Amino acid sequence: METFWRRGYEGTSTRDLCESTGLGPSSLYNTFGGKRQLYLRALERYHETATTEQVELLAGPGTGQERLRALMAHAIDADVAPGGDAGTDGPRGCFAISAAIEAAALDQDVRKVVRRTFDRVEDAIHTIVVEGQAAGEIRTGTDARTLARQVLSSYYGLRVLARVHDRRDLLLATALATLDSLRAR
């Protein structure tokens, strides 16, 4: 997963995969069926691990606003830290976003995995918005699903911005402005 996450699908060679897995080329293809199949498995693994972590943050303690802030702050911190959240050569950002940009338009299977990942995070955000609206914490003039997509778009936009903008304070200010726009007045 790490190799594809850092280099992308097109930027990852068979040699890179052999080095990262410790397998020879024939063993790699016999074990995984090819580069594309391994890429899909890596995306599935990301869905099982990183996406689960995001959803768990959203299900944690605190108000809806606090949980949304925790998600965004966690992503910003991971993305702007030296070496990204893997502690190696440069920030990785979000593997699902990278896959969406690089491969989802061309590969239906990649699109399905990325869509499932995006939908899972959106559903968790939607739950928070519904709860926040019921508690009077989040404005009610807009449909909860629309507000969830607004937050999701801002969240993923921050993940992209963090690849080229390493100032945590600016990224966090953007996240806080997004969250402020949700507040019930």
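Q: Which residue just after α7 takes a positive phi?
A: Helices here (H or I, at least four residues) and strands (E, at least two) are DSSP runs, numbered from the N terminus. Just after α7, Gly136 is the residue with a positive phi, of about 80°. This is a predicted model, in which local features need pLDDT of at least 70 and side-chain atom pairs count only at pLDDT 80 or more, while totals for chains, interfaces and linings use all residues. Residues are numbered from 1 along each chain as its sequence is written, and side-chain values use heavy atoms, with hydrogens and water left out.

Q: How many residues does α7 have, and what span should they give?
A: The expected span of a helix is 1.5 Å times one less than its number of residues. The 27 residues of α7 should therefore span 39 Å, and its end C-alpha atoms, 38 Å apart, agree with that. At the start of α7, a side-chain oxygen of Asp107 comes to within 2.9 Å of the backbone nitrogen of Asp109.

Q: Is Glu122 buried or exposed?
A: Buried means under 20% relative accessible area, exposed means over 50%, and partly exposed lies in between, with a 1.4 Å probe and protein chains only. Glu122, which is found in helix α7, counts as buried at 8% relative accessibility.

Q: Which side chain does the side chain of Glu122 meet in a polar contact?
A: A polar contact is a pair of N or O atoms within 3.5 Å; within protein, one must be able to donate a hydrogen and the other to accept it, and residues adjacent in sequence count only if both atoms are side-chain atoms. The side chain of Glu122 makes such a contact with the side chain of Arg149, at 3.1 Å. Contact in the wider sense means heavy atoms within 4.5 Å, and, leaving aside neighbours within four places in sequence, Glu122 is in contact with Arg145, Ala148, Arg149 and Leu152.

Q: Which residue caps the N-terminal end of α8?
A: Asp143 does so, with a side-chain oxygen 3.1 Å from the backbone nitrogen of Arg145.

Q: Why is α6 described as largely enclosed?
A: Seven of the ten residues of α6 are buried, so the helix is largely enclosed by the rest of the structure. Those residues are Phe95, Ala96, Ile97, Ser98, Ala99, Ala103 and Ala104, and they pack against α1 (2–7), α4, α7 and α8.

Q: What does Gln65 touch?
A: Gln65 lies in helix α5 and counts as buried at 6% relative accessibility. Not counting residues up to four places away in sequence, Gln65 touches Glu137, Ile138, Leu179, Leu182 and Arg183, and its side chain reaches the backbone oxygen of Leu179 at 3.1 Å.

Q: How many disulfides are there?
A: A disulfide is a pair of cysteine sulfur atoms within 2.5 Å, and by this rule the count comes to zero. Cys18 is buried, with a relative accessible area of 13%, and Cys94 counts as buried at 2% relative accessibility.

Q: Which residues does the UniProt annotation "DNA-binding region" cover?
A: UniProt positions are given in the numbering used here, feature names are shortened, and annotations may be inferred rather than shown by experiment. In the unreviewed UniProt entry, this annotation covers residues 13–32, a span that is 80% helix and 0% strand in the model.
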